[in-house]
Amino acid sequence: MSSQTTSNQSTELSLEDITIIDNDKLKKAVTASALGNAMEWFDFGVYGFIAITLGKVFFPETTGSVQILATLATFAVAFLVRPIGGVFFGLLGDKLGRQKILATTILIMAISTFCIGLIPSYETIGLWAPILLLACRLLQGFSTGGEYSGATIFIAEYSPDRKRGFMGSWLDFGSIAGFLLGAGFVTLITYLLTDQQLLDWGWRIPFFIAGPLGLIGLYLRSHLDETPTFEQHQEKQQADEEHGISKVSFKEILLRHWRPLLICIGLVIVMNVTYYMLLTYMPSYLNHNLHYAESHGVILIIVIMIGMLFVQPTIGFLSDKIGRKPIVIVGCVGLFCLSIPCFYLITTGKVAYIFIGLMILGVLLNMFTGVMASTLPALFPTSIRYSALAISFNISVSLFCGTTPLIAAWLTETTNNLMMPAYYLMVVAVIGLLAILFTKETANRPLRGATPAASDRAEAKELLQEHHDYIETKVEELTEQINELTEKRDQLIEQHPDLK
């Protein structure tokens with residue numbers, strides 16, 4: 001922690017007040033959180049990369065663009081219930097704890113994804129097929145409403161202040177890895193099976209994998225301890241209840257914390273729209289709009305995601321050194337300036353140029369995913385962190401991000417302009433830039449409402465000394481200001497004796 005330590009800490013802070021993070025528990029927390037996120041994005045990867053086949057299975061009476069739009073609409077509609085899931089699981093997470101909720105959400109996600117693989121085709125049960133698909137997607141959306149925000153908070157509250165960026169980056173490492181696994185698996189079965197086999201039964205296989213993945217994630221999350229930050233909060237909460245202090249209501253969260261809520265929405269928009277545009281919509285864009293072979297576009301995206309895995313933790317590590325804001329600002333400016341050039345490269349039809357365009361977008365996406373897991377939880381105090389983050393995150397995803405593939409496809413189809421996705425990215429880049437400019441730097445600082453957290457006792461002593469140095473510096477600054485005001489007062493009295 002630097003001299004930027006927050007002033008809301010008590011001047012009586014002692015070494016015992018600094019939380020020493022158990023390294024083994026931290027690794028388990030990161031692994032369990034990232035695995036759940038990987039399963040969530042495994043489903044997104046499968047759905048996005050097999051969208052054309054799913055359209056033929058569940059919407060065979062439509063063709064071409066309408067079939068793709070129907071499939072993407074079913075993908076997007078699940079995001080409508082995410083805010084409901086966010087409010088439900090967020091309030092429970094702030095009341096019961098992070099660990100219990102994360103174990104619940106991964107179980108629901110696994111069951112709903114597994115059940116998609118069990119749904120009979122449209123030819124077998126008619127209209128009930130897309131209805132059941134929609135029901136499973138809604139259940140996925142409801143559980144996902146508490147998944148990412150909860151996993152983000154769990155890692156953030158478990159991490160030492162000086163490593164929160166690096167540790168948080170592994171959460172979206174899990175996202176990219178899950179997406180990569182989903183896309184890779186779809187590519188594998190597409191290569192091994194005939195078109196008819198894929199249409200008859202092959203498309204079900206990726207969804208069945210969610211079952212064992214969910215059981216592994218459930219086991220890991222069920223054996224986690226609650227975060228040290230929430231345990232501290234529970235002790236304070238019990239003391240408040242004894243003194244008759246009521247809990248913060250949902251209404252108070254909206255009224256008293258509207259500014260960080262809006263900032264969170266803006267940051268989530270720029271990250272997730274870019275995410276869904278590149279990793280979910282792009283395979284369909286390459287195949288349907290640019291007429292590339294389906295396997296050709298998928299392989300390119302897979303290679304890009306492999307590269308992103310190496311960049312991801314590097315960005316997180318860098319954010320602990322130079323701060324979160326500079327990285328997000330560079331990402332937003334880059335997205336605004338380079339989206340059109342990237343899409344021009346993609347539409348050339350030359351593999352090398354397509355790869356370069358996708359690679360640039362991938363690195364820009366890393367600028368967001370590498371720091372958001374450490375930036376977003378720091379916007380809110382412990383008492384409302386889960387509720388506020390889940391609400392703002394899921395409102396953003398529901399209204400703007402989850403609909404990205406559908407809107408991008410609709411804009412491209414209706415205007416016959418292949419640059420529409422680039423314009424869309426430029427708009428969200430401006431939104432993200434405005435949001436980050438109004439965000440306070442949080443690197444190397446304790447989370448709001450929490451005491452400092454260190455990796456070991458030696459680091460704790462350094463944090464304590466820096467805290468005391470910070471207090472002394474503030475006292476000196478205040479003393480100088482008082483002296484300056486005193487001098488001005490004396491000068492005014494000399495000039496105007498009647499003021500005395």
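Which residues does Gly90 touch, not counting residues up to four places away in sequence?

## Gly90 and its surroundings

Gly90 touches Gly85, Tyr386, Ser387 and Ala390 when residues up to four places away in sequence are not counted, contact meaning heavy atoms within 4.5 Å. Gly90 lies in helix H4 (residues 82–96), helices (H or I, at least four residues) and strands (E, at least two) being DSSP runs numbered from the N terminus. With 0% relative accessibility, Gly90 counts as buried, a term that means under 20% relative accessible area, whereas exposed means over 50% and partly exposed lies in between (1.4 Å probe, protein chains only). Gly90 and Gly146 are 56 residues apart in sequence, and their C-alpha atoms are 6.3 Å apart in space.

## Basis of the model

This is a predicted model, in which local features need pLDDT of at least 70 and side-chain atom pairs count only at pLDDT 80 or more, while totals for chains, interfaces and linings use all residues. Residues are numbered from 1 along each chain as its sequence is written, and side-chain values use heavy atoms, with hydrogens and water left out.

## Nonpolar cores

A nonpolar core is a set of buried Ala, Val, Leu, Ile, Met, Phe, Trp, Tyr and Cys residues joined through side-chain atoms within 4.5 Å. The largest such core has 118 residues, of which Phe58, Met305, Leu335, Ile346, Leu358 and Leu376 touch the most other members. Helix H14 (residues 258–289) gives the most to this core, contributing 19 residues.

Leu376 touches Cys264, Leu267, Val268, Leu389 and Phe393, again leaving aside residues up to four places away in sequence. A second, separate core of six residues includes Leu15, Ile18, Ala454 and Ala460. Ala454 is also among the residues that Thr19 touches, together with Pro228, Gln232, Thr451, Pro452 and Ala453, not counting residues up to four places away in sequence. Thr19 itself is placed in strand E1 (residues 19–20) and is buried, with a relative accessible area of 16%.

Helix H7 (residues 128–158) has 31 residues and spans 45 Å from its first C-alpha to its last, close to the 45 Å expected at 1.5 Å a residue, where the expected span is 1.5 Å times one less than the number of residues. H7 is mostly covered, with 23 of its 31 residues buried.

In helix H11 (residues 210–222), Ala210, Gly211, Gly214, Gly217 and Arg221 are buried. They cover an arc of only 130° around the axis, which puts them on the same side of H11, the arc being that of the directions from the helix axis to the C-beta atoms. On the other side of H11, Leu215 and Tyr219 are exposed.
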